[in-house]
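Here is a short tour for anyone opening this structure for the first time. Have the sequence and the 3D view at hand.

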Amino acid sequence: MKTLGQFVVWLSLAGGVLAAATGYLAALDQPDEQLLGLTLAAPAGLIEKPDGTTLPIVDTEDGRQPRVTGPLLGELRAAGVKNVRVKQFSLRRWRGKWCFLLALVGLLIGGLLTRRADRPRRAAVADQADSPQRILKAVQRAIGQLRQQLPELPDRATQLLAIVEQLDALAKTHMATFVDARSALVASLGMAGYASLMDSYAAGERQINRAWSAAADQAYAEAVGCLAEAARWMEDARKKLHGSARGS
Amino acid sequence: MSLENPLLPSELAPREARYRESTVAAIVFGLVVGSIMNASIAYAGLKIGFTIGGSAIAAVLGFGVLRGLLRRGTILETNIGQTVASAVNIPNSGIIFTVPVLLLLDPAQKKYPLRADDSLFWMMTLACVAGAVLGCAFIIPVRKQMIDIDRLRFPTGTAVAAILKSPGAGVTKTFVLLAGVAVAMLVFLPVMLPAIKIGPRPVAGAEDRREPLWGYGDLHWRMPTPRLANPNDPSDVQRERQAWARVDRDGDRRPDLILTHETIDVGRLFHFPDQVLFVFAITPLSLGAGYVTGRAGLLVLAGGILAYFVLNPFVFAMGWTPESITAAAVPEYAHGAFNRPLGIGMLLGGALMGLVVSLPSIREALKSLMAARRDNASGGSELGLRVLLLAGGAAVAGLFVAADAFVGSDGGWLGGLNPHLRSLIVALVGAVWIWFGGIIIAQCTGMTDWSPISGMALLTVVLVMLLVGVQEVAGAVLIGAAMCVAISCAADMMQDLKTGHLVGAQPKRQQIVELACTGLGPVITMATLLLIVAANVQSVGTPIGPGTPTPAPQADALKTVVEGVQGGEIPYALYGCGAVLGVLLGLGSFAGLGVLVGLSMYLPFEYVLTYGVGCLIHMGVSAVKGKTWAEEWGVPFCAGLIVGEAVLSLIINAVVLGYG
């Protein structure tokens, strides 16, 4: 259903922009009274000079603003010109309006189809092997293990290296996967719930990033303190996720 | 909730005292580098028509100065340095696009005297400073929504973070980053070299006969020469004439270049129909930004393909283009006649829809901001709303003072009102518009790295002229300049905050230094402009524009718009149609779709194509080597591409500045 929805969206968009592009076109087969007095916004018609070069019948260059007059209309029609681009917009004159309206309906339907297809069952989010709950637990476990491991390491250089390497690995694996679960989380928690969850998660993520930077800068105490704060924020995020999941 | 930490002895706290972040050295470094970049890039922008952001350059310089020379400088200290430098640098792009319009409209400087002894100059400077402060103050509250909740990518911000983290990321990754820088410089050098001309400088008023340095165009890769006609066969002569018309569009009696200094025309190489534009810009920066954006950027490419492969050829086939527009001229005509207005409309509609859909997350972000004030443990990490309201209020007051001096006539929608009330309404509408514009630009930058500043400036000038009358050019340019500066600052701030998030910086510290330093940028740019004008008047008798060393191409484009508004040429219906389409596009699973499609219709397609190639390469690398590999090695390399082009542009600009 999602593919169908997207197809409808893009098809309608194409139709919509094409119809809109005709908004300022005035077809010359309309009655004179609808055309006389309009100001041309682009050159119109083409005449061939004796030397074989061509020129527009009426030009709009150098700031010229030619108005449609009776004789000009006759000349343009005689030269086979079908449309001219004008500066004034008129709903009555706009031939693509129904196509545009249809495109809007198409966009509406396509958008709703896509949205509907995106709405997975809430339970499914919790049941997956890489569900956000499990990823978050894995992140917490990794931070906890790192904090436990640090005092056992022989020297400061090894401790700092361990922080950099393990946080690098964490960022590439679980944390990247958690962020990828956005649409599932929004579907499960709603936008407000997701925002609240990500508020805590991002705060934890920032502490993890800060711990990495501090370790790279040999600031061990800062790095360790940030890990503790990261653990606190991840626990906060887990509680929010757990609470929302139970609520749903 | 207890903050348990078995490893952290209490005597080590407070940790901030031991890990340097906001230091005097970093701030002074940022101010000095930012000021130099601001003046030199402002001059170069007036001369060659484009500007560059300063974050990446400042990050690289930060390592050299803070870590190398001063033997200090943590990752976060260098981050503060680049934050300050880019905050001081960035307002120049907003100013040079707008303010010189007054000089172009009135070269004699009688109606719009932009001189130090006239209030117009000072009010314009005040408006730009107000704009810079407003841009920062208004965008800070949506940091959480855009970076923490919506997870926007901000390619340049991501690239700068990769640079800042490179010392800790290991030697191999640093080499990968440097390889990216080297490749970018190598590829981009022939694009930039022709900006340098060698030979004796021309005297005032004389033709410039200097030779540009070598560029890609000098490889003379041209379209194949048509087969010679048999002079006795009229149909063969006709065939040759038609063939020449196709290969020699510029009429110089030579087949056109496939590879110019800046682009490669793949469409002509593979004989695409003339009305289908398939040209790639040679820009490692766009390629790198596309890669960093990844799959999401394909929507930009899709929008561009819709406009240039479907809409334009169809319009041409249906005979909806003027008869005098040749097939080859269709892309350019269509861009001005409907792609660009529809694109700007879609941007607005898409951004509005994005805003509506994001309301719950904005509300959560604001709740979190309020909570941060109460609970210092949860950050104290964001600048409080009270400070932002104070800064915003002061900036609006400054905007009112500036507007009050120049919104004089009694025309437009506000005609008949008390003049001060009119100025107040203009300042308030300007402030609201700046807030909305800041969000649009930050979204665009976050999703794609591009900021459609010129489109927003155009709409601002139109809006103000409608409010106060089409003859109120000074007032319109004043608010337009404030808007341009504000949205540039807003986009830059979000890039910096994204970098900050990725290296673990305290947002509050970045926000304070950016808010405190950004007002310096407009002052430096306006002073630079004053110097340039004085020098030009003395040497060639004209303040700025064609015929001077600073033709100000971007401002020249806005001048056309101002004259267009005065002549009633603005296609409002197309903006409206675009806006409705943009709103409805956001109904699907991705509320920001209208922004991306609008951006692709608005931007020059050659940049969109190169950007799209970057996105496709990311997808290809992810498929072959895995997503982790693509991020781990591809992002540093592409960060190098972004930095390499920016640094080379600055170097060449400096040479142009010094050499002329």
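What follows walks through the contact between the chains, some helices and a few loop residues.

## Before you start

This is a predicted model, in which local features need pLDDT of at least 70, side-chain atom pairs count only at pLDDT 80 or more, and totals for chains, interfaces and linings use all residues. Residues are numbered from 1 along each chain as its sequence is written, while chains are lettered from A and ligands numbered from 1 in the order in which they are written.

Helices (H or I, at least four residues) and strands (E, at least two) are DSSP runs, numbered from the N terminus.

## Where the chains meet

Chain B puts 59 residues into the contact, and chain A puts in 73 residues; two residues count as in contact if their C-beta atoms, placed from the backbone, lie within 7 Å. Elements giving two or more residues to chain B's side include helix 3 (75–89), helix 14 (330–357), helix 19 and helix 26 (627–659) of chain B. Helix 23 of chain B gives the most, with seven residues.

By class, the side of chain B that touches chain A divides into 33 nonpolar, 15 polar and eleven charged residues. Here Ala, Val, Leu, Ile, Met, Phe, Trp, Tyr, Cys and Pro count as nonpolar, Asp, Glu, Lys and Arg as charged, and the others, Gly among them, as polar.

## Helices 19 and 20 of chain B

How do helix 19 (residues 473–503) and helix 20 (residues 507–517) of chain B pack? Their axes are 10 Å apart, at an angle of about 150°. Axes are lines fitted to C-alpha atoms, for helices over the stretch in contact, and angles run from 0 to 180 degrees between N-to-C directions. Helix 19 of chain B and helix 20 of chain B are therefore roughly antiparallel (under 35 degrees counts as roughly parallel, over 145 as roughly antiparallel, 65 to 115 as roughly perpendicular and the rest as oblique).

On helix 19 of chain B, the contact is made by Met493(B), Asp496(B), Leu497(B) and Gly500(B), and on helix 20 of chain B by Pro507(B), Gln510(B) and Glu514(B). That makes three nonpolar, two polar and two charged residues.

## Two helices with buried residues

Helix 12 (residues 284–293) of chain B is mostly covered, with ten of its ten residues buried. Buried means that 20 or more other C-beta atoms lie within 10 Å of a residue's own, exposed means 12 or fewer, and partly exposed is in between, with C-beta atoms placed from the backbone.

Buried residues of helix 16 (residues 385–406) of chain B include Leu388(B), Val396(B), Phe400(B) and Phe406(B). Among what covers the buried residues of helix 16 are helix 6 (119–139), helix 17 (419–448) and helix 19 of chain B.

## Loops with a positive phi

Most residues other than glycine have a negative phi. Gln109(B) is not a glycine, yet has a positive phi of about 55°. You'll find Gln109(B) in the loop between helix 5 (100–105) and helix 6 of chain B, where Gln109(B) is partly exposed, with 16 other C-beta atoms within 10 Å.

His271(B) also has a positive phi, near 55°. His271(B) sits in the loop between helix 11 (266–269) and strand 4 (279–281) of chain B. Is His271(B) buried or exposed? His271(B) counts as exposed, with 9 C-beta neighbours inside 10 Å.
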